[in-house]
Each structure stands twice: as C-alpha cells, then as structure tokens.
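Open the model in your viewer and keep the selection panel handy. We will go stop by stop, with something to select and something to look at each time.

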Amino acid sequence: MKKSNKLNRREFLAAAGAAAVSMPYLIPSSVLAGPGRVGANEKITMAHIGVGGMGGYHLNDMVQRRDQGQVNIAAVCDIDKNRLVNALKVAGPGVEPYHDYRYILQRKDIDAVVIATPDHWHGVQMVHAAESGKHVYVEKPACCTIEEGQAMVTAAKKNNVSVQVGSQGRSQPEAYLAHRYLINGNIGHINQVDCFHYPSPEDNNPVPDSDPPAELDWDMWLGPLRWRPYNKKYCHGVFRWLLESGGGQIRDRGAHVMSCAMWWMGADGTGPVTVEATGTAPKKGLWDSAVLMDVTYTFKNPDWVLTWRQMPNDKLPKAEERTGDEPGGKISRPGYGAIYRGDKGEFIHWGGDGGTWAEKKARQWELPAGGKDVYKSPGHKEDWFKGIKTGAKTIMNIEAAAGVANLCVLGNLSYILGRKLEWNQAKQTIAGDQQAQRMMSRPQRHPYHL
Amino acid sequence: MSTNSFKKVSLVAGAAGVMAQTASTALGQGVDELLAGIKDSSDKVRTEAWQSAGEVGAPAVKPLAKVMTDDDLEVARAAKRALWQIVRYTGRPKANKERRAVETELTELLGKDQPVAVRREVLWMLSEIGARNSIKPIARLMRNEDLREDARMALERIPTKRAVTTLKAGFEAAPEDFKPNIAQSLRKRGEEVAGYPCKKLVPTKQTDVKPL
C-alpha cells in the first residue's frame, strides 16, 4: 500500500475538487483504482526525471503513448536548463518543468516517474520516488554500489511500487525466442556463458577543469558524489567512462547482456561465489574505466561460469549475415552479445538491449508439443504498466536488476582492487576483504542520500 | 620503465629485514624509479609506472603527493592514480603492517601545508583503509569549511565504534549549518539523532523555465 495515500478515496476526490479551482494538477489514477494501483482503464500520470540522452528517448516514446491515449504526462525535470527547455517543446503545453526532482515527488497527482539520469543518481532517486509512493521506470544499470541495490529492493517492497529497470533486452521478441530455445535443451546443459564487447573508449583529448556552463547545475549533477571541480569530460553522456559515475562498458552494456544471461539461465536471485577481473587502464585523460577487460564469475549449485570480455574489435565474433527483410532486420549492433556453451552445442546472440538478435537456429526453431514455453513480454513499458495496474512482477524487477548490477559492480571492484573477490550471495557481502566490504557502499553528500 | 623493474626493486626491498642498509637503498631506488616513471613524457611509461606503484608502498606516499599538484595535468593525474594504487594494494587481506604504514603516511598529508585538493583525495583514501590512527586527523578537518563534508563522509565509512564516537563529538561541536550533515552520517551508522530531521525529500531548487 502506498505510504503517501493518507486520504481515502472520497476525501481525496472532495479535496481534489476544491483544489482544482486553483491548481492544474491531475487526479492520480491510483485514487480512482484504489491504493497503490492504477485502474485497468485509467491513464497512468507520468513525470520524467532526466530528459537528455535516453531520457529524451523515453520522453518521445511517452509522448506517442500519450497521443494514443495511454498515459498523461504531467512534468519534466532536468538540471540542465537547455535540456529542460527542449523537453518542454517535445512534451507540449500542460506539462510542468522542474529543476529539482523532489518537487515532482511531492505532487500527489503523479503516479509514476521515468528516471533517466546519470547512473550515480539512480539509486537515490529510485528510493526517494518509491518512498513517495511513485511507481518507477529507472534506467540501467540499477545502481553503482551494492548498498544502493539493497536499498532499492527494500524501498520497492516496503512501498509496494512497481519498478522496471531499463534492461529492455529481456522484452525483445528475439530474446523470447532465444530464451525458449535454450530452456528446451537445444544446446544441452549450459555450463558457460561468454559475453563479448568492444573496448571502452580512452580520453585522448583531455582538458583542464573549468567553470561549468551556465545552463548546468554542476552541484546537483554531482548529487550524491563527492564534490570536485567541473570538467567537460564528466558530462553529459561521457559520464559513462568514469568508474565512479558510469562504470564503463561492463556497467553499461553488461547490465544488458548479463541481464539476458541471468534471465535465460534462470539465475535471477542467485549470485557468483567468486569474481576475478583484470583489465587495461586508459593511458591518459580523466576517464578511468577499463579499456579491455576480462572478468570471470563462478557460480555454484548449479555450477556454471559467466565471463565478460571487452576485446579488440578484430577479436569479436563475426555477426550473422541477415537480410533487412527478416523480422528484426539486420544486426546493427554486432559489437556485443554472448555465446552460450552447452554440452550439445553453442548458441550466440548479438546486442541484448533495445536491439537483440538471436542466431538463426533459435529463430527457426518451433516449440514442439509438450515443449516448455517462457514468459513473452508485451514490451518493456507495457510490462511495467501491467505491473503498475495489477501488481504483477515486472520482467526486469528491481531484485533481478540489482542482482545484474551487482555483477557489474563486483567486476569493477575486482579490477580496481587487482584481486579475486569472494561473494556471499545469502549475506549479500564480500567475504574476507575489509577494504572491498567498505567499497560495497559509498558515503553520499548531504542531502542527496538513500 | 617496465612493470618488472618495479617488481624487482620490490623483491629486493623484501629482503630488508636481513640487510637493512641494502633495503633502504633499494626502497629509495624504488621510489625514485617510480617518480621518474610518473614524470615521464610518455603516456605509456606513466601508465606502467602508476600501475606498478602498489608494491613500492608507504615510502612513495609523500613524494607522490608532491607530484599530484604538478603543472602537467597528466603527470599530476598519474601521481594521483599511483597513490590510489598503493591504497588498493595495501588494503588487501593479511597486509595489516603495510596498510598501517601507508595509513600513517596518509594522515601526515592532512595538515594545512597540503593543498585542499590533495587533502580531499587523501580523506577518501583513508575512508577505504583508515582505522584507529586516522580518526583524530580526519576529525580535525570537520572544522575546515572546505573539507568538512569529505571528512564527515570518510568517518562515516570507517567501520569502528571510535569513528561513531568521533562523529557524535563532531556533531555537538559543529555549527548549526553543518549539523544536518553529521546527523546524516550518524543515522547511517544506526544512531538516533534528536532534531535535524532528514531533508533528503525536501526540494530546494526552483526553475525559471516557464511551462509552454
């Protein structure tokens, strides 16, 4: 039940009626449907926090859904004024702009928020939104630290909100085909999954620190991170290449490719017993995430091995030739994916995010009578809407997403520390290494904390 | 300079208990070679140098801190990364003696003679490996307006009762505008704090962008 719904339905409608004279706000659908949920035929009222990059994609997507009568859009928020102004142009009249996302969380008429800020904000904002009774779509990776993931899981459960994390590969049509193909034993018992990816970039044109641009609130961009002077190599999109805020390819695409692996291997809720990483560091510049990387995760009971390898482009597996006429079209992201190795054969997929391409043999395979079918997502946002309206678990729920993010975080921790880590899944802690244990969390600046 | 040459120096240094004079010389050479690598004009050499710094350890801490403010940004950055490498290497399990030696060197970099940027970095290093001996020097910086927030966060991360006791004392002595910050750390460490309610959900920043 939502904590924020203090009024009963009748009281709220009376109050809302009075308030409507002076306020343009909408009645939250959850009031019409009952506490915590939106009625099956009601529109979900949305707000967007972070509207550049993927946030811009989500806003455009939601505008289309609004125009089709599926949702309302009440507010947009960004700490970059230029991005906020652009978002208003996209969203149109009737949408309120905000600089500080916490004003959005105070609005009782908003049912759900889409969070597409830099990764170091995901944990804090998702927890705050859940504590304010909002359903949440939050971009991947779910979190930057183990502690953030734990707090996100707790907040979602405690406040009974539906959370979908943006590892949308699980919802792709060919992900369904791959999952079904693998789970029916077509390559036998799978004992190893090897994820591949091209390298993280290097900052070959470093620049000195400077004053932030006038349109950017640098202090709030940093948010929970410790303060440091502005440098244009921090943002916007390039935050990805800093271990602290983005985590490199492993936390960016790892949150997609390893998400598919955990889903298809039936491994959500489990974790590795050991994690061992090596990598090559950038030779100059601000960015510090590993350029090449090699991580091995060992799972027990059942026993299997997951690897993550960032490799030179010429070492990547060759992508399958496909015509543009086929469903799914040509493989436009051949630079990442995974090879599944079973005792009867192998299977490969490319992409793993909004573009996911399964090898031909899985696409052509037909489910025999008595074969095992798997959940087919109606679409990543549709799956979230279903969760909001019915309470059904989303396909990339926060427990699963935190588990996948933990893989990325642990891989980076092992790389940073230069040593093998032992992970205790039951206790959600790193065993026998006090420094690594401290690094499972990161103190956060006041007042931007979990 | 190659990774191997750093390791060779370190191996020589490992014989220090037997031949103190030799070891002292070797350690000095190790630091000198490391600094030479850090200051090299080649990106490749600098990178190899900072990646090999871990085994050089405590003797390199203060010399590296000096280079962290070098005019050449890439040299300064390599020195900072070398120092972090030492912190990550000496924080490994069963290396308490090395860790304590590095901790001691780091705490001596928290004085007023060091630039704020160096002290801020050192606070975060101590948040990972600091213990009993770090608490007092860190606590002193909770009275420094430039560094008090980093000092507060460093103490929050050190998992000892003494760190909590020190945060409590810091809370009592803190000016009103900083008490909420320390209250945040104390609550994180499971302490109850009267007054100074959590402000995390209180919005503060309005926009001047108008709706269409």
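**Stop 1: where the chains meet**

Start by colouring the two chains separately, and keep in mind that this is a predicted model. Select the places where they touch: 36 residues of chain B are in contact with 40 residues of chain A. On the chain B side, highlight α3 (43-51), α5 (73-90), α7 (116-129), α9 (148-157) and α11 (179-188), each of which supplies at least two residues to the side that touches chain A.

**Stop 2: chain B as a whole**

What kinds of elements does chain B have? There are 11 helices and 0 strands. Of the 212 residues in chain B, 43% are buried. Take the contacts in chain B with a separation of 6 or more: residues 24 or more positions apart account for 61% of them.

Next, colour chain B by its domain assignment, with domain 1 at 1-95 and domain 2 at 121-191. Between the two, 6 residues of domain 1 of chain B are in contact with 4 residues of domain 2 of chain B. The domain 1 side of this contact has 3 nonpolar, 2 polar and 1 charged residues.

**Stop 3: a pair of helices in chain B**

Select α5(B) and α7(B) and look along them. Their axes come within 10 Å and cross at roughly 15°. Because angles under 35 degrees count as roughly parallel, α5(B) is roughly parallel to α7(B). The crossing of these two helices is right-handed.

Show the side chains that make the contact. From α5(B), pick B:Lys80, B:Leu83, B:Trp84, B:Val87 and B:Thr90; from α7(B), pick B:Glu121, B:Met125, B:Glu128 and B:Ile129. By class, the residues of this contact divide into 5 nonpolar, 1 polar and 3 charged.

Then move to B:Lys94, in the loop between α5 and α6 (96-107) of chain B. Its phi is near 60°, a positive value in a residue other than glycine. Is B:Lys94 buried or exposed? B:Lys94 counts as exposed because it has 9 C-beta neighbours inside 10 Å, and the cut-off for exposed is 12 or fewer.

**Stop 4: around α11 of chain B**

Select B:Phe178, in the loop between α10 (161-173) and α11 of chain B. B:Phe178 is partly exposed, with 19 other C-beta atoms within 10 Å; a residue counts as buried at 20 or more. Draw a distance from its C-alpha atom to that of B:Glu149: they are 29 residues apart along the chain and separated by 8.5 Å.

Go on into α11(B), where B:Asn181, B:Ile182, B:Ala183, B:Gln184, B:Ser185 and B:Leu186 are buried. What covers the buried residues of α11(B)? The cover includes α9 and α10 of chain B. Just after α11(B), B:Gly190 takes a positive phi of about 85°.

Finish this stop at B:Thr204, in the segment after α11 of chain B. B:Thr204 is exposed, with 11 other C-beta atoms within 10 Å. The C-alpha atoms of B:Thr204 and B:Ala49 are separated by 46 Å.

**Stop 5: the domains of chain A**

Bring chain A back and colour domain 1 (9-168) and domain 2 (170-374 + 398-438). Their C-alpha centres lie 27 Å apart. Where they touch, 28 residues of domain 1 of chain A are in contact with 34 residues of domain 2 of chain A. On the domain 1 side, α4 (81-91), α6 (119-131), α7 (146-159) and β6 (163-165) of chain A each supply at least two residues, and α7(A) gives the largest share, 6 residues. That side divides into 14 nonpolar, 10 polar and 4 charged residues.

**Stop 6: backbone details in chain A**

Zoom in on A:Asn160, in the loop between α7 and β6 of chain A. Phi of A:Asn160 is near 50°, a positive value, and the residue is partly exposed, with 16 other C-beta atoms within 10 Å.

Now look for cis peptide bonds. One runs from A:Lys140 to A:Pro141, with omega near -10°; A:Pro141 sits in the loop between β5 (135-138) and α7 of chain A. Another joins A:His446 and A:Pro447, with omega about -5°, and A:Pro447 is found in the segment after α15 (434-438) of chain A.

Note on methods: Residues numbered from 1 in each chain as written. Chains lettered and ligands numbered in written order. Predicted model: local features only at pLDDT ≥ 70, side-chain atom pairs only at ≥ 80, totals over all residues. Contact = placed C-beta atoms within 7 Å. Helix = DSSP H or I, 4+ residues; strand = E, 2+ residues; numbered from the N terminus. Domains from an automatic or database assignment. Nonpolar A, V, L, I, M, F, W, Y, C, P; charged D, E, K, R; others polar. Axes fitted to C-alpha atoms, helices over the stretch in contact; angles between N-to-C directions. Parallel < 35°, antiparallel > 145°, perpendicular 65-115°, else oblique. Left-handed = near helix turned anticlockwise from the far one by under 90°.
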